[in-house]
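Here is a set of exercises to work through with the model open beside you. Try each task on your own before reading the solution.

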Amino acid sequence: MTADAPVLTVRGLGVSFPGADGTVRAVDGIDFEVHPGEVLAIVGESGSGKTVSMMSLLQLLPPGVRYDTTGSAVFDGVELVGADRMTLREIRGRRISVVFQGALGAFNPVRKIGPQIAEMARFGAGYGKQESVRRAIELLGLVGLSDPDRRYRQYPHELSGGMRQRALIAVALAAEPDVLIADEPTTALDVTVQAQIVELLASLVARLGMATIIISHDLGVVAGIADRVAVMYAGKIVEFGTAEEVLLSPRHPYTRGLLDAIAGIDDDGRAFRALPGSMPAPGERGAGCSFAPRCSFVRDKCLVEVPPLQAPPIGFGPLGASGTASAASAPGSAEVACWIYDRNEVRS
Amino acid sequence: MNRLRGIRPSMPVIALILIVVVAIGAGWLAPYDPLRVDPLSALQPPSAKYLLGTDELGRDVLSRLLVAARTTVVAVGIVVMIGALFGMLVGVIAGYFGGIIDELLMRLVDGFLWIPTLLASLTLLGILGPGYVNLLLAMAVATWAPYARLSRGEVIIARRQGYVEALRVMGASPWRIIFSHLVPAARGPVVVYASTDAGALTIVLATLSFLGLGVQPPTPEWGQMMTGARPYMEELPLLGILPMLAITALVIAFNLVGESIANSHLRVSTVPSAFRVRLLGWRRPKELETEKVPV
Amino acid sequence: MTALLDVDDLVVRFTGRQLGNGLTAVDHASLTVQSGEVLGLVGESGCGKSTLARAVVGLEKPTSGTIRYDGRDVSRLSGRESREFRASVSFVFQDPLASLSPRQTVGQALEEPLIVHGRGTHSSRHARVLELLELVGAPASWGERQPSSLSGGQRQRVAIARALALEPQLLICDEPLTALDVSTQAQIANVFIELQERLSLAYLFIGHDLGVVRRLADRVAVMHLGEIVETGTSTEVLSSPAHPYTRALVDSIPIPDPAIQRERVRNVLRGEVPSPLNPPSGCRFRTRCPLAFERCEQEHPATFMVDPGHGVACHLWDPDESRGAVLRDAVRPGPRTLL
């Protein structure tokens, strides 16, 4: 992590949609910031609001859906929430670029790969016509594609899934952005290719020093690249901390459950420790903690009051087997939204 | 099985049901015998006795309009029914079996799609000679092809959607897959197309009758009534305007019904316009981008 | 003892205008599944594992080779035998929503196989539907619901229940967990484990998550570009792989530990997956194999036995190959006696 000022600061971001019965709150007030050269991973299952929150920042949600973004997101001194078209055009794709999920759909299928990248370099980073072509070929090489000259002239369908994902990263980098948002960059790829893409992203961040936000549901992939991890559940961040804190000594029962559900190759035994139930849809969240119905450590307070995301009280370490916090060895930077880590209970 | 699932009692649906009920009950509703000739009271303007006046032979216009509605609704209904059922059968078989069967059937369908319905019916009637049965036959022959195309597309989509494969793996016969699963899958868009098609066919029927090839006198029919009114348009324009208004009303009702059904299942918004198909031949429906709704 | 399912030298080729010389999706693959046994079939996407499974149930047509079920060639079954085969082998698809008809309630979907096979009366079928729902841990109220109103995991439960309706002996599962969320995957994997133990079913379980396959399967077959390159017990194959490809697969499994994961990032498999339209000569893995030598380019490897029941198609394990002895340790460390 760096001591630099954050390049993007998000406070109380909320996104709501008109639903069948009233407004549906897909993202319910999240806070985070990213610093240059840092990789922040936003982890959650589908429907947790992780993609919606990022896309709403750049007003990139599908057209035809009326959504309402609240809170604040300041990028380099510019407020993104409620920003007008012109401001966003300056930022979107140029200073904050996105690697979209589903690499095939993100390319124009009837145009060659190279010119699509060169175009981004020209309009995003201000390269000249000749320079932009050279830059595009350079980028294709940078993302690890063999024979970049030939790739420049190929059509998207001529590339394999892994190569397309690389080319897509090249597009996102063409504008030399300050912030790179990668939405599920490894989903739908084979594990062997996944590992390649993770390695590529990690090396690019190290070389180019941009702030990176990775949206993923795969904790293993996140572990390979992220500096800090935010776990989202039902529209809220429930746990936030360094990758080591969140993945090795989780505090929130949901994070614990997710990690337990992953089957390692060397694990013995047969049955999986599965989390029961499923995440409530935005319209079906009751009062209190959204995870309470699935939580094996649920208390009375969980059903009535929503736990705030806050640093655990001093002396409160990772979640223990019995559903209480174990003793903390050293104070960390982790934050957790769970009543197990209730300050008031410490006093009583 | 709830056969009418998805068809909500919206305004147009209620209006159409009303029109059909009136048309079917025209025999009882008509104040006079629509065929009763009374030369003494010919070409009368609307009065208390004849609410919408009389025609050149002294027949009551209101009664004739009502009975003509029955003629149209019944003829169009039969034609759409035959066309839709036959077309669906062809399309579902072609879509399910694929390969050479699909190729052969679809070339046949393409042949029929080439010719606009109006032209085809005109030619056929020219060969067969006018007459009610010939008329229905000519229209039905020219009608089925778009239904085949439409249901074939739906079946191909459905066939790719795992559940048909699941049925094959569990050992269901092609017959069962076609009639219990694929025909119902194709039904939605077919119903939507059929209702707008009924509107287009109303116009085809009226045109044929206007040209003297459709419904023959003395059976009342709107197009034929317009032909009859031609010499008297200056004297009594109402005589031509009223059947025209009736045609327009029925066509609009059919269309609005189609639209309201289409709106109630969003998925079938790619159904082509029946008017285009009927008057210009088939054009590939423009693919609409499926809207992704987040969350 | 006859195997329940015996796939022998199966070849499935696709031809078509865009496919040039044709695509060999399954290339002389053989495998067996014993009664009550779980065989995991793993490999990258496009390796032909799904095609193989689909060929077993007749969704793809084999170009050559035989598929025997209970000793009988499935392409030569009489009408009655064919019905018995259909009842005895079920399939669970990857996408549970697509595999359920949008025009049927859950109850109707579960009743369908019973109707197709003319089993029971209306009321006995209804009772069976409730029994099936209970079997997969679903409440009876689901019977009235539409599949679209259920979540992904719930739908997959329904699809599993339907596959069990005719009391099959063999369940072919084509990546049944892939379309599900992380926490749901574990739930459904547990359903598979529980059912297998309760009903002593045999599975041909296709998956790409090796962690899941490791726990679920008794034996594993690893497929690469249409060929089966390694078979053996799941512990043997996945804990100490003998084929460099299996080694790479195992090493690519994401592990949620930053220290391990960042270290491993340096040992990823280089190069692109070769196109199945134009596979490399000799060993098909050689273009990506870190240990490839000249022979791999010239000669297609035979299958060698590493341990009893553990076969691997790789020149490294040829007892006559002098270079093998040195390089073997890079794949599978530790002293080994060669058979």
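## Exercise 1: A covered helix

In α9(C), the buried residues are P244(C), Y245(C), T246(C), R247(C), A248(C), L249(C), V250(C) and S252(C). Keep in mind that this is a predicted model.

**Task.** Work out how many residues of α9(C) are buried, and which strands the helix touches.

**Solution.** Start with the count: 8 of the 9 residues of α9(C) are buried, so the helix is mostly covered, given that a buried residue has 20 or more other C-beta atoms within 10 Å of its own. Next, look at the sheet of 8 strands in chain C, which is open and runs in the order β6-β7-β8-β3-β9-β10-β12-β11, with mixed pairing. At its edges stand β6 (89–92) and β11 (303–307) of chain C; each has a single partner strand, so one side of each has no neighbour in the sheet. From one strand to the next, the twist averages 20 degrees. Now place the helix: α9 (residues 244–252) of chain C packs on this sheet and touches β3, β9 and β10 (227–233) of chain C. Its direction makes about 105 degrees with that of β9(C).

Finish with one pair of strands. β3 (residues 38–42) and β9 (residues 219–224) of chain C pair in the parallel sense over 4 bridges, and L41(C) stands opposite A221(C) in β9(C).

## Exercise 2: Two helices crossing

**Task.** Describe how α3(C) and α4(C) pack: the angle, the hand and the residues that meet.

**Solution.** Take the geometry to begin with: α3(C) and helix α4 (residues 122–135) of chain C pack at about 115 degrees, with axes 9 Å apart. The hand of the α3(C) and α4(C) crossing is right-handed. Now list the residues: from α3(C) come G107(C), L110(C), E111(C) and L114(C), and they meet R125(C), R128(C), V129(C) and L132(C) in α4(C). By class, this contact has 4 nonpolar, 1 polar and 3 charged residues.

## Exercise 3: Chain against chain

**Task.** For the contacts of chain C with chain B and with chain A, say how many residues each side gives and which element gives the largest share of the side in question.

**Solution.** Take chain B to begin with. The contact uses 16 residues from chain C and 14 residues from chain B. On the chain C side, α2 (79–88) and α3 (106–116) each supply at least two residues.

Now turn to chain A, where 42 residues from chain A meet 39 residues from chain C. On the chain A side, elements giving two or more residues include α6 (161–174) and α10 (253–261) of chain A. With 8 residues, α7(A) provides the largest share of that side. Its classes are 21 nonpolar, 12 polar and 9 charged residues.

## Exercise 4: Core and loop

**Solution.** The core has 296 residues, and V222(A) and F205(C) touch the most other members. Leaving aside neighbours within four places in sequence, F205(C) has contacts that include V38(C), L41(C), C173(C) and L216(C).

For R270(C), go to the loop between α10 (258–264) and α11 (294–298) of chain C. R270(C) has 13 other C-beta atoms within 10 Å, so this residue is partly exposed. Its C-alpha atom is separated by 8.2 Å from that of C289(C), 19 residues apart along the chain.

Note on methods. Residues are numbered from 1 along each chain as its sequence is written. Chains are lettered from A and ligands numbered from 1 in the order in which they are written. This is a predicted model: local features need pLDDT of at least 70, side-chain atom pairs count only at pLDDT 80 or more; totals for chains, interfaces and linings use all residues. Two residues are in contact if their C-beta atoms, placed from the backbone, lie within 7 Å. A nonpolar core is a set of buried Ala, Val, Leu, Ile, Met, Phe, Trp, Tyr and Cys residues joined through C-beta atoms within 7 Å. A residue is buried if 20 or more other C-beta atoms lie within 10 Å of its own, exposed if 12 or fewer, and partly exposed in between; C-beta atoms are placed from the backbone. Two strands pair if DSSP finds at least two bridges between them. Axes are lines fitted to C-alpha atoms, for helices over the stretch in contact, and angles run from 0 to 180 degrees between N-to-C directions. Ala, Val, Leu, Ile, Met, Phe, Trp, Tyr, Cys and Pro count as nonpolar, Asp, Glu, Lys and Arg as charged, and the others, Gly among them, as polar. A crossing is left-handed if the near helix is turned anticlockwise from the far one by less than a right angle, and right-handed if clockwise.
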